[in-house]
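Me: I'd like to go through this structure with you, a bit at a time. Could you start with how the helices are named?

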Amino acid sequence: MTYNSDARKAYKAQARADIRARFWPTMGAVLLEMVPLFLISMIMMIGVQGLSEQPTLREMLKLYQYMGIFIVAEFLIGSPITFGAKHYFVARARGEQGSVAQVLTCFSSLGKYLTALKLSLCIAIRSLGWLLLLYAVMFVTMIPMILVGDGGPMVFYIVVWAVVVIVLACFVAVKIRRYDGAYICMIDTPDASVWEAVKACAPIFKGHNWELLVFDLSFILWELLSAITLGIVGIYVTAYQEIAFVHYFDALCGKDENESLNQPEMPEL
C-alpha cells in the first residue's frame, strides 16, 4: 500500500464526505456515545470533590470507593457503548445506511454484550503491557538522576530522560492505538474470538507505526479547536477521526476500492 500525505488527505476527505451525507444522524450517534461516557466520568469528579491537600483516611476511602464505581460503570456500560459506536462509524465509512441505534446494539443481546466486555478487557490487558514497559523505562532512566542528586550534570540527565520518555511514549501510544483496529476486525468477523481480533492488529499495522502516528497528529489542530470550544467541536471531530481511521484501516487491509489489488488482506481470524 502506498501511504503519503495525499493518501492521508484522501481518507480524511472521504470521511468528511461520509459525515456530510448523513450529518445529523452522525452527530446524534456521537452524542449518544458521549453523553453516557461523560456521565460516567462525573463519578470521578464527585469522588475528588472536597479532597484536601493532605487527605484524611476517610477522604481516601471515599475516593477509592468512587474510583471503583467508575471503573465498574466504565467497563459494564462504557465498553458496550464504545463498541456499538464503532459499528456506526464502520457503517458510515463503508457507505452503508447505518442507524443511530447501532450505538446501543451491544445491549440488544447477551452475546453481543459479553463480546463487547471481553473485547474491552482484551484490549486493556494488551495495552497494560505497553504501559508497564513505559513506566519501567521511566523509572530506570531516572536512576542516574537519583544517584547524582543535586550535583553533576543534572540538566543533561533531565534532557536525556525527557527525550527518551517522549520518544517511547509516542511509540507506546501508537502500539495501543492500533488496537482500535480490533473493533473493526470483530465487526467484520463476529464469529471469531476477541483475542484473535486483537492479535490480528499487529500484522495489519506492521511497518505502518510511523504512518499511524502521523495520521493521528494530523488531527491536532482539530483537537485544539475542540478544546477551545469546550468540546462542542469535539462532537464533529470524534466522528471525523473515527470514520477516517476506518478508511485508513480498510486501505491497509486492501479493502479500499481505490487501491491496487496487490495489497495485503486482513488476516483471517
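Reply: Helices here are DSSP runs of H or I with at least four residues, while strands are E runs of at least two, and both are numbered from the N terminus. By that naming, Met67 sits in helix H3, residues 57-93. Please keep in mind that this is a predicted model, in which local features need pLDDT of at least 70 and side-chain atom pairs count only at pLDDT 80 or more, whereas totals for chains, interfaces and linings use all residues. Residues are numbered from 1 along each chain as its sequence is written, and side-chain values use heavy atoms, with hydrogens and water left out.

Me: OK, and is Met67 buried or exposed, or in between?

Reply: Met67 is partly exposed, with a relative accessible area of 32%; buried means under 20%, exposed over 50%, and partly exposed in between, using a 1.4 Å probe and protein chains only.

Me: Switching to the inside, what does the largest nonpolar core look like?

Reply: That core has 51 residues, and Leu119 and Phe205 are those with the most contacts inside it. A nonpolar core is a set of buried Ala, Val, Leu, Ile, Met, Phe, Trp, Tyr and Cys residues joined through side-chain atoms within 4.5 Å. Helix H11, residues 234-252, supplies the largest share of this core, with 12 residues.

Me: What does Phe205 touch?

Reply: Leaving out residues up to four places away in sequence, Phe205 touches Arg178, Leu212, Phe245, Tyr248, Phe249 and Leu252, where contact means heavy atoms within 4.5 Å.

Me: Why call H11 largely enclosed?

Reply: Because 18 of its 19 residues are buried, H11 is largely enclosed by the rest of the structure. Its end C-alpha atoms are 26 Å apart, which agrees with the 27 Å that 19 residues should span at 1.5 Å a residue; the expected span is 1.5 Å times one less than the number of residues. After H11 comes Gly254, whose phi is positive, near 80°.

Me: New topic: how many salt bridges are there?

Reply: The structure holds 5 salt bridges, each being a side-chain nitrogen of Lys or Arg within 4 Å of a carboxyl oxygen of Asp or Glu. One of them joins Glu242 and Lys86 at 2.9 Å, N to O. Glu242 lies in helix H11 and Lys86 in helix H3, so the pair ties together parts that are 156 residues apart in sequence. Glu242 counts as buried at 17% relative accessibility, and Lys86 counts as buried at 9%.

Me: And which partners does Arg177 meet?

Reply: Arg177 meets Asp180 in a salt bridge at 2.5 Å, N to O, and Asp216 in another at 3.0 Å, N to O. Arg177 lies in helix H5 and Asp216 in helix H9 (residues 209-217), so this pair ties together parts that are 39 residues apart in sequence. Arg177 counts as buried at 18% relative accessibility, whereas Asp180 is partly exposed at 22% and Asp216 is partly exposed at 26%.
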